[in-house]
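Here are my notes on the model, point by point. Have the coordinates open while you read.

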Amino acid sequence: MSCPYMSGNNPDNSQKNNSNNDSDTDGVQMDFKDRMSYGDYLQLDSLLNSQKPLSTAHDEMLFIVQHQTSELWLKLAIHEMQAILQEIKQDKLAQVSKHLTRVSRIFEQLNSAWDVLRTMTPSEYTTFRESLGQSSGFQSYQYRAIEFLVGNRNPAMLKPHEHETVVHQHLEDILSVPSLYDEALLLMQRQGLDIGNVLEGRNWREKHQPSEAVESAWLIVYENPQQYWGLYELAEKLVDFEDYFRRWRFNHVTTVERIIGLKSGTGGSGGVSYLRKMLDTVLFPELWTVRTRM
């Protein structure tokens, strides 16, 4: 990109610099009166006018942008996960691997975002915390959708979304079908692996419970990677995702404790105490326990 401030002050070079600058724009569209521009395509007017601080505190803008951009990344993660569910059903494991890798990278971005928020000190946060009212990240329906999609299912968590009919129905729809891990188990079964009776009469609204039979099936996959390469790669991609997801949760706890200590969350949750409990949640239990048997 041409930068006029780097051309220097030598008047002898002015004609040359002007010529260079003109050549830099050869063929570049400069008139957007009747054409779609970059800002039009991305709807930047709407996007960049969605930050509306409720206080005069300088750091409230950081807080808003941090959470809005996180929600955009979560939206993309959900988009990818919904594709992954369909791909597993259709045994398109190459696409599954690609998209699970992308989801892991999305959570890598989300992890990095905590570093920016942690530049805000407790005293800076208190200058606008009251403006948040009862709003809290606990109420993020996109985060809840991701939890439900990957298999951490608890119908009680629908309660905060009952006032939003469309959102509530969307979450109900996710709970009514197999989770990402359930689909992985169904795939194992289709490929002839014995996973016991864990899928018989399975209530998709409930979280999968650890199974010795499922663990043994994954052990066969890990001991015979060439024979079960698709499942082997799927297993490692799932572990990659959970690894990044755990880091995101840990960084969330650390950031909250650093800024508000052990205070309750704005939405009434236990704050750090609640978030610490979530650190013990395991999404794909047999993929971790099977490692002890290898």
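1. Some terms before the pockets. Helices here are DSSP runs (H or I, at least four residues; strands are E, at least two), numbered from the N terminus. A pocket is an open set of points, on a 1 Å grid over the protein atoms alone, with protein on both sides within 12 Å along at least five of seven lines, and lining residues have an atom within 4 Å of a point. This is a predicted model, where local features need pLDDT of at least 70 and side-chain atom pairs count only at pLDDT 80 or more, while totals for chains, interfaces and linings use all residues. Residues are numbered from 1 along each chain as its sequence is written, and side-chain values use heavy atoms, with hydrogens and water left out.

2. Which helix gives the most to the lining of the largest pocket? That would be H4, with ten residues. H4 spans 60-89, and at least two lining residues each also come from H5 (93-117), H7 (141-150), H11 (229-260) and H12 (272-278). The whole lining runs to 50 residues, with Phe63, His67, Ser136, Gly137 and Phe138 nearest the centre of the pocket.

3. The space in that largest pocket comes to about 1,400 Å³, where a volume is what probe spheres set on the grid points fill, the points being joined across faces, edges and corners. Its lining has 21 nonpolar, 21 polar and eight charged residues. For these classes, Ala, Val, Leu, Ile, Met, Phe, Trp, Tyr, Cys and Pro count as nonpolar, Asp, Glu, Lys and Arg as charged, and the others, Gly among them, as polar.

4. Next, the second largest pocket, at about 170 Å³. Tyr41, Leu42, Gln43, Leu44, Ser46 and Leu47 line it. Four of the lining residues are nonpolar, two are polar and none is charged.

5. On to the cavities, meaning sets of points where a 1.4 Å probe fits but cannot get out. There are two of 30 Å³ or more. The largest has a volume of about 40 Å³, and its lining consists of Val150, Gly151, Ser179, Tyr181, Lys207, His208, Val282, Leu283 and Pro285. That makes five nonpolar, three polar and one charged.

6. The second largest cavity holds about 30 Å³. Around it sit Leu93, Val96, Ser97, Leu100, Gly230, Glu233, Leu234 and Lys237, with H5 and H11 each supplying at least two of the lining residues.

7. How do H7 and H8 (residues 165-175) pack? Their axes lie 9 Å apart at an angle of about 10° (axes are lines fitted to C-alpha atoms, for helices over the stretch in contact, and angles run from 0 to 180 degrees between N-to-C directions). The pair is therefore roughly parallel (under 35 degrees; over 145 is roughly antiparallel, 65 to 115 roughly perpendicular, the rest oblique). Tyr141, Arg144, Ala145, Phe148 and Leu149 of H7 make the contact (heavy atoms within 4.5 Å) with Val167, Leu171, Ile174 and Leu175 of H8. Eight of the contact residues are nonpolar, none is polar and one is charged.

8. Last, the salt bridges (a side-chain nitrogen of Lys or Arg within 4 Å of a carboxyl oxygen of Asp or Glu). The count is twelve. One to look at is Glu80 with Arg102, at 3.1 Å from N to O. This pair links distant parts of the chain, Glu80 in H4 and Arg102 in H5, 22 residues apart.
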